[in-house]
Amino acid sequence: PGPNFSAHNITASKVSNKVALAWAVDHGVGGGADEGYLDFSTDAGLTWEGPTQLDPPAAFGGDTVTSYYITSMFPWYDRQDKFHLVANLQPCGTDDTIRAVPSQIWHYCQDNNPKWDLIHVATADSFAPGAVLGYNAAFACRPSIGQDDDGDLFVTWEQFDSMNYEPLTNRLRADIFASASSDGGLTWHKATKLTDAGSQSMRFPSVIDLAVEGSPSTDTMLDRKSVV
């Protein structure tokens, strides 16, 4: 559907016939703020309500226009059939060749009050000389969301290290970060860095959709009290 498809994600409920489509429209450098859109279906995708523009929060305190990015807009339904979205937002006018800071990770739930809640602000005081972000990247980006069988929410994302870069390309290396919420996304724990990039780059995380408690050796997000 219009307006333009630029970068899109789709999700389906596990307990009903609800489907949600989310996408960002990229206007390019100098083209103004990138917008975010949602579309919903209640009959497993046979018919759709039509696209609705999702206004972003005032992520940067009104100092600059807030822009979605093509790595934003990760939609998801929880096991209570509530719709959630996590997105990375950045100041309007930055692109992937510029150190797009601060970059912010936000959570949206239409059943919450307020609907938008800030998860994390990623910034840096200094950068390695000549270092740049890679193509199609913001300083903190590509968030994903899931939950455990207690109803706690978890969000992961990639975030670049301003002083760690690949010398052959001058591109910054990234780590994986995570945060958790035990109140449906109204408040979030302080972000935790889960990886140590070193001479590599840790990218493209995707948190498990539903972490079910198992044996002590089960690899889940359930150790949140000590880690996240």
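Let me begin with D175, which is buried (under 20% relative accessible area, with exposed over 50% and partly exposed in between, for a 1.4 Å probe and protein chains only) yet has no salt bridge, the nearest side chain of opposite charge, K193, being 4.0 Å away. A salt bridge here is a side-chain nitrogen of Lys or Arg within 4 Å of a carboxyl oxygen of Asp or Glu; Lys and Arg count as positive, Asp and Glu as negative, and His and the chain ends are not counted.

This is a predicted model, in which local features need pLDDT of at least 70 and side-chain atom pairs pLDDT 80 or more, while totals for chains, interfaces and linings use all residues. Residues are numbered from 1 along each chain as its sequence is written, and side-chain values use heavy atoms, without hydrogens and water.

D175 belongs to strand 12; strands (E, at least two residues) are DSSP runs, numbered from the N terminus. Residues in contact with D175, leaving aside neighbours within four places in sequence, include W157, K193, T195 and M202; contact means heavy atoms within 4.5 Å.

Strand 12, residues 171-181, pairs with strand 13 in the antiparallel sense over 2 bridges, where pairing requires at least two bridges found by DSSP.

Terms used. Helices (H or I, at least four residues) and strands (E, at least two) are DSSP runs, numbered from the N terminus.
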